[in-house]
Every structure is written in structure tokens, then in C-alpha cells.
Amino acid sequence: MSRKKRLDVVVVGAGFAGMYALHKLRSRGLKVLVYEAGSGVGGTWYWNRYPGARCDVNSLEYSYQFSEELQQEWNWSERYSPQPEILAYANHVADRFDLIKDIQFDTKITKLNFNEDKRLWFGLTEQGEKFCAQFCIMATGCLSKHNIPNFEGIDNFQGELLHTGQWPHQPINFSGKKVGIIGTGSSAIQSIPIIAKDAAQLTVFQRTATFSIPAYNAPMDRGYEQQIKSNYKEFRAHNSQRYAALNNNPSHLSAMEVSEEEREAIYEERWLEGGLPFLASFNDLGINEEANATAIDFIHRKIKSAVDDPDIAELLCPKTVIGCKRLCVDTNYYKTFNLENVVLKNLNRSPIQRITDKGLKTKDAEYEFDILILATGFDAMTGALLAIDIRGRSNKTLSEHWKDGPANYLGLSMNRFPNLFMITGPGSPSVLANMMVGIEQHVDFIADLLSFMQNKDKLQVEANADAEENWVRLVNRIADQTLFSKGCNSWYTGANIPGKPKIFMPYLGYPSYVEKCNEIAADGYRGFEFF
Ligand code: NAP
């Protein structure tokens with residue numbers, strides 16, 4: 001049996017959250033080790049290598065701000081960074097801050113059990129390696145457990161079966177190939193226009209149409225970059241006061257208080273600007289169905305003007321409220337359906353019955369493919385955590401604790417799971433705010449909490465049961481005031497995974513979240529219990 005490693009902190013995952021946790025906690029003198037399932041750093045940007053993968057947040061915002069030197073020295077080449085460049089950035093950060101020596105790659109954690117007598121977490125890796133640590137930081141990512149639907153016959157397919165979230169490292173040659181893709185979320189919307197350029201034929205299987213805004217991606221405007229860099233700190237501070245911690249220029253107008261012409265002009269301006277700020281065109285798109293309907297109408301008209309075949313255009317027009325599912329950002333998505341080699345199939349009319357050895361069979365037809373792509377998303381927010389057998393006090397399992405949904409306090413801590421923290425967990429702004437900003441805020445909060453414990457000679461901390469219950473209630477109360485939780489089957493609520501408890505998971509409103517965290521910390525970490 002190998003010797004057990006004894007650590008102060010074990011971090012699970014070497015994406016941007018795990019990397020910063022390692023840097024921060026190591027700098028506080030703690031012995032930290034990161035376990036990472038992949039062979040390199042970067043998390044989501046390590047795994048999602050499908051053609052066209054890029055960030056939908058501006059490069060100058062989707063980056064760390066903890067080091068002024070780092071944010072000054074790194075130059076992004078495009079407005080929205082492509083996956084290889086973000087991965088290169090992650091590697092640069094790992095080198096620059098000497099992180100690799102404390103990361104163990106190719107290692108999946110299978111068990112984490114809290115020992116109440118020793119007040120330590122005991123862990124096991126897939127390879128049978130054992131370790132123990134006082135603290136566990138789960139930097140496992142919100143979109144890291146990929147979802148493979150339970151299609152009958154999926155193992156029979158003789159061609160190449162790919163998932164966008166587990167893309168091979170070598171380039172895939174689509175040239176002259178018959179390709180099928182299931183799903184039309186962000187990953188599909190980015191990859192479809194690129195694959196369509198090479199494939200002999202591309203068949204897209206759509207169950208739910210999604211709203212997509214053009215990215216208008218472009219080479220980085222060096223003048224703009226310089227302007228931001230000359231005042232980076234203020235730029236970041238300003239953005240942190242925004243609802244989603246993004247520089248999205250939110251409107252103070254209601255869509256219902258302006259004339260039709262004015263509304264149209266505002267939407268048009270936002271459309272030409274491109275990207276996620278479209279949702280900030282008016283201040284009530286997320287709360288008022290009538291206002292939301294005006295945005296839907298605008299986008300439907302855009303889709304109909306981009307797509308030649310009126311039936312295909314109609315099928316591409318989403319019937320849900322806008323914002324209920326994550327808004328997509330694309331380059332040439334809708335126009336791709338004008339290409340002769342691209343076909344759109346409606347799974348609502350003719351659902352997939354099974355995967356065959358040559359392709360797939362729907363209710364009405366049979367298809368043959370060389371390559372079949374699952375762009376079917378993720379078991380979001382909770383999937384990666386529940387994949388580990390986590391047992392807290394009294395041997396309570398996380399799956400038992402979360403049987404009705406992910407109970408938590410601040411999206412950081414859970415009752416009966418002492419000294420275990422999540423970064424951008426369910427209950428935190430996470431995916432509905434700039435992830436990089438949320439990651440740094442969470443890690444800083446945890447680091448300060450650990451210092452507080454050290455100063456008070458405390459060895460154990462966890463959320464108390466009341467704080468947890470009240471927090472979940474608050475997260476849902478806020479979501480219930482919006483349209484985010486209504487009118488569609490989104491991964492925000494777990495509704496994309498059969499059998500998963502349906503509950504809205506992200507906390508809406510980054511600034512108010514931070515305010516609450518700061519208040520709680522100032523009040524001696526109210527809601528946490530120390531032993
Ligand atoms: P997704 O948004 O969950 O989309 C999955 C797609 O697969 C949906 O169209 C879904 O249809 C379909 N699907 C799932 N199960 C199916 C089944 N059994 N039969 C038929 N269709 C099925 O996943 P994603 O596209 O990977 O994106 C996930 C998230 O990752 C995004 O929302 C975004 O937050 C993030 N992401 C970001 C970027 C970026 O920064 N630009 C890029 C990619 C991903 P239904 O809608 O009907 O369920």
C-alpha cells in the first residue's frame with residue numbers, strides 16, 4: 001500500500017478555480033495539492049476542444065485580475081478568445097506562478113470521507129492512492145460532467161462517436177464525411193458553421209431551438225486594449241458592480257416605456273454590438289413576459305431574414321422566453337442552414353428511437369453517418385460533485401444531502417460537510433456571472449475564512465442547518481421573481497437530466513451576493529459553525 005499523503009488542503013480540479021485556489025492558499029503557507037483528472041491545466045478549456053469553441057465573454061474580462069503584472073503582460077488576439085488561446089493562457093499562468101509542481105494530473109478522486117475523530121478528510125483516487133487533508137476545495141467546475149443521453153444502441157455505432165465536452169486532442173477530419181450532430185445549445189451553435197464548411201453532409205438534430213446573438217468577433221482592437229489596461233483596476237471594479245459582473249452596459253429603460261421605433265432601434269444597436277449584452281437592452285427582459293416577448297419578436301425576424309427556407313427558419317425560431325436557457329453567441333449559425341450540405345431535423349416531430357451501427361433511427365427515417373457528435377451538454381453544477389462518493393459527518397453522503405436539490409450556504413459550504421468548500425457551486429452566482437470574477441471572490445473568501453479559523457484556534461467549520469435552509473429559500477425567491485426559472489427545460493434547473501431534482505441553482509445578482517458575503521464575514525462568519 002502506498003504511503004498516505006498528508007496535506008493541509010486538497011483541491012479537486014485544475015481549471016481556473018483550482019489554479020487560483022492553489023496559488024492563493026499556498027501563498028498563505030498551507031501545504032496544498034491539486035488532483036486533476038486531465039493531463040493538463042485549464043478545466044473546461046482543456047476538455048472542450050470542439051471546432052469553433054470560444055468564450056462568450058470578452059477576453060479582457062475573461063481573465064484573472066489577482067495579479068496586475070499578469071493582466072498587463074498577457075495580450076489577447078481576439079475580442080472573444082478561442083479555446084486554444086485560453087488554454088495557452090492557463091498554461092502561462094501555471095508556469096508563471098509555478099503551479100505545476102503541486103498538481104497531480106491524470107488522477108480522478110473517487111472517495112472523500114470525513115473522519116470525525118481525526119477531523120480530517122480521507123480521500124482515495126481511481127488508482128488507489130490515499131491521502132488526507134484538513135480542508136477540501138471542490139474546484140470541479142459547473143459544466144464538467146458531460147451528458148450522454150441514454151440512447152438505445154449507443155454502443156453499437158461503428159463510426160466515430162464524439163461528445164463536444166470530451167473532444168479528442170488530435171484534429172478531426174470532416175472533409176467528405178457524413179456527419180450527424182445531436183443538440184443545438186452553445187457547443188453545437190459554435191461548431192456547426194465550422195463543421196459545415198468541410199463535411200460532405202451535416203445533419204443537425206434539434207429538440208429545442210435556442211436564441212443566438214451574433215458575436216461579431218474580431219481581432220483585438222489594440223487601442224481599446226491599451227485604454228482598458230491603462231485603467232484595468234477601475235475597469236474590473238466597475239464591472240463587479242454589474243448584475244453579472246460583466247461590462248454589458250445595462251439599460252435603465254423598460255422595453256414597455258419606449259415607442260416601437262425606439263425599441264427597434266435599441267435592439268438593432270445591441271444586435272450589431274453582438275454577444276450577451278443583448279439581454280441588457282432593457283431592464284425588464286428578465287422579469288416581464290411582455291417585455292421579453294418584444295425581444296423574441298425581434299430575434300425571430302432576424303432569424304427569418306437570415307434563413308432562406310421559411311419552414312427551416314420557423315423551426316429555428318425558439319418558442320421559449322429569451323434568457324430562460326443560456327443565450328448563445330455565434331458566428332454565422334443561422335445562415336449555415338442555407339448551405340446545400342446542411343439539413344435540420346425536428347426531433348419533436350420525429351424523436352430518436354435508437355442509435356444504429358451505421359447512424360441513427362428516428363420515428364420516420366434512418367440516417368447513416370461517418371461521424372456522430374453528441375452536443376448534448378452537461379449534468380451541470382452538481383454532476384461532477386456527485387460523481388465522487390463524498391461522506392461528511394455521521395457518514396452522510398452528498399447524494400443523500402442533495403436528494404431534493406443542492407442544499408448549501410452561499411454556494412460554498414454545506415451542513416454536515418465540515419471543512420469542505422465548493423468554488424462557484426450551486427447557490428452562488430457562478431454561471432450567471434463572469435466565472436473568473438466569481439472564482440477569485442470565492443477563493444479569497446475561503447482563504448480569509450481559513451485565516452479567521454487559524455486566529456481563533458478553530459479546526460472545523462461548516463454551514464449551520466438554518467443558514468443553509470434560508471439560503472436555498474433566498475436563491476429560489478430571487479429566481480422566482482424572474483423569467484429565468486420559468487418556461488423551459490434548462491440546465492440551470494437540472495431539467496436537462498432525467499430524474500434530477502428540478503430547482504433553480506445559480507444565485508442571481510453578483511453585487512448583492514458579494515455584499516452578503518462581506519456582511520457575513522464582518523459578522524464573524526454568521527451562519528457558519530466553528531469547532
Ligand atoms: P446545452 O446548452 O445543454 O445543449 C445541449 C443540447 O443537446 C440541447 O439542444 C438539448 O436539447 C440537446 N439534447 C440533450 N439531450 C438530448 C436528447 N436526449 N435528445 C435530443 N437532444 C438532446 O449544452 P452545451 O451546448 O454543451 O452548452 C452548455 C453550456 O456550456 C452553455 O449553456 C454555456 O454556459 C457553456 N458553453 C459556453 C460556451 C461559450 O462560452 N461560448 C460554449 C459552449 C458551451 P434540449 O434543449 O431540448 O434539452
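Me: Let's begin with the hairpin: how many residues lie between β5 and β6?

Reply: Four residues lie between β5 and β6 in this hairpin. Do keep in mind that you are looking at a predicted model. In the turn, glycine 128 has a positive phi of about 90°.

Me: Which other strands pair with β6, and in what sense?

Reply: Strand β1 (residues 5-12) pairs with β6 in the parallel sense, over seven bridges. Look for valine 11, which stands opposite isoleucine 137 in β6. Strand β18 (residues 420-422) also pairs with β6 in the parallel sense, over three bridges. There, methionine 138 stands opposite methionine 422.

Me: Is strand β6 largely enclosed or left open by the rest of the structure?

Reply: To judge that, count the buried residues, where buried means under 20% relative accessible area. In β6 (residues 130-138), eight of the nine residues are buried, so the strand is largely enclosed by the rest of the structure.

Me: Now the sheets. What is the strand order in the open sheet of five strands?

Reply: Reading across, the order is β7-β16-β8-β9-β12, and the pairing is parallel. The edge strands are β7 (160-163) and β12 (342-346), each of which pairs on one side only. From one strand to the next, the twist averages 20°. For a detail inside this sheet, take β8 (residues 178-182) and β9 (residues 201-206), which pair in the parallel sense over five bridges. Lysine 178 has glutamine 201 in β9 as its bridge partner.

Me: What does the open sheet of three strands look like?

Reply: Its order is β13-β14-β15, with antiparallel pairing. Here β13 (352-355) and β15 (366-368) are at the edges with a single partner strand each, so one side of each has no neighbour in the sheet. The twist averages 20° from one strand to the next. Between β13 and β14 (residues 359-362) there are three bridges, and isoleucine 355 stands opposite leucine 360 in β14.

Me: Let's turn to the ligand. How many residues surround the ligand, and which are the closest?

Reply: There are 24 residues around the ligand, and the closest are Thr184, Ser187, Arg207, Thr208 and Lys325. By type, this shell divides into ten nonpolar, nine polar and five charged residues. Helix α5 (residues 186-198) gives the most to the shell, with three residues.

Me: Which residues have polar atoms placed by the ligand's nitrogen or oxygen atoms?

Reply: A polar backbone atom of arginine 54 is 2.9 Å from a nitrogen atom of the ligand. A backbone N or O atom of aspartate 56 lies 3.1 Å from a ligand oxygen atom. Arginine 207 uses its side chain instead: one of its polar atoms there is 2.9 Å from an oxygen atom of the ligand. Taken alone, the ligand exposes 900 Å², and the protein buries 88% of that.

Me: What about loops: is phenylalanine 211 buried or exposed?

Reply: Phenylalanine 211 is in the loop between β9 and β10 (212-214). Its relative accessibility is 4%, so phenylalanine 211 counts as buried. Phenylalanine 97 sits in another loop, between α4 (83-96) and β3 (103-104), and at 13% relative accessibility it is buried as well. The C-alpha atoms of phenylalanine 97 and leucine 22 are separated by 9.8 Å, although the two residues are 75 apart along the chain.

Me: Which residues other than glycine have a positive phi?

Reply: Among them are alanine 245, with phi near 55°, and asparagine 249, with phi near 50°. Alanine 245 is in the loop between α7 (232-240) and α8 (260-273), and asparagine 249 also lies in the loop between α7 and α8. Alanine 245 has a relative accessible area of 0%, so it is buried, whereas asparagine 249, at 47%, counts as partly exposed.

Notes. Residues are numbered from 1 along each chain as its sequence is written. This is a predicted model: local features need pLDDT of at least 70, side-chain atom pairs count only at pLDDT 80 or more; totals for chains, interfaces and linings use all residues. Side-chain values use heavy atoms; hydrogens and water are left out. Two strands pair if DSSP finds at least two bridges between them. Helices (H or I, at least four residues) and strands (E, at least two) are DSSP runs, numbered from the N terminus. Axes are lines fitted to C-alpha atoms, for helices over the stretch in contact, and angles run from 0 to 180 degrees between N-to-C directions. A residue is near a molecule or strand if one of its heavy atoms lies within 4 Å of it. A polar contact is a pair of N or O atoms within 3.5 Å; within protein, one must be able to donate a hydrogen and the other to accept it, and residues adjacent in sequence count only if both atoms are side-chain atoms. Accessible areas come from the Shrake-Rupley method with a 1.4 Å probe; for residues, only the protein chains shown count as cover. Ala, Val, Leu, Ile, Met, Phe, Trp, Tyr, Cys and Pro count as nonpolar, Asp, Glu, Lys and Arg as charged, and the others, Gly among them, as polar. Buried means under 20% relative accessible area, exposed over 50%, partly exposed in between (1.4 Å probe, protein chains only).
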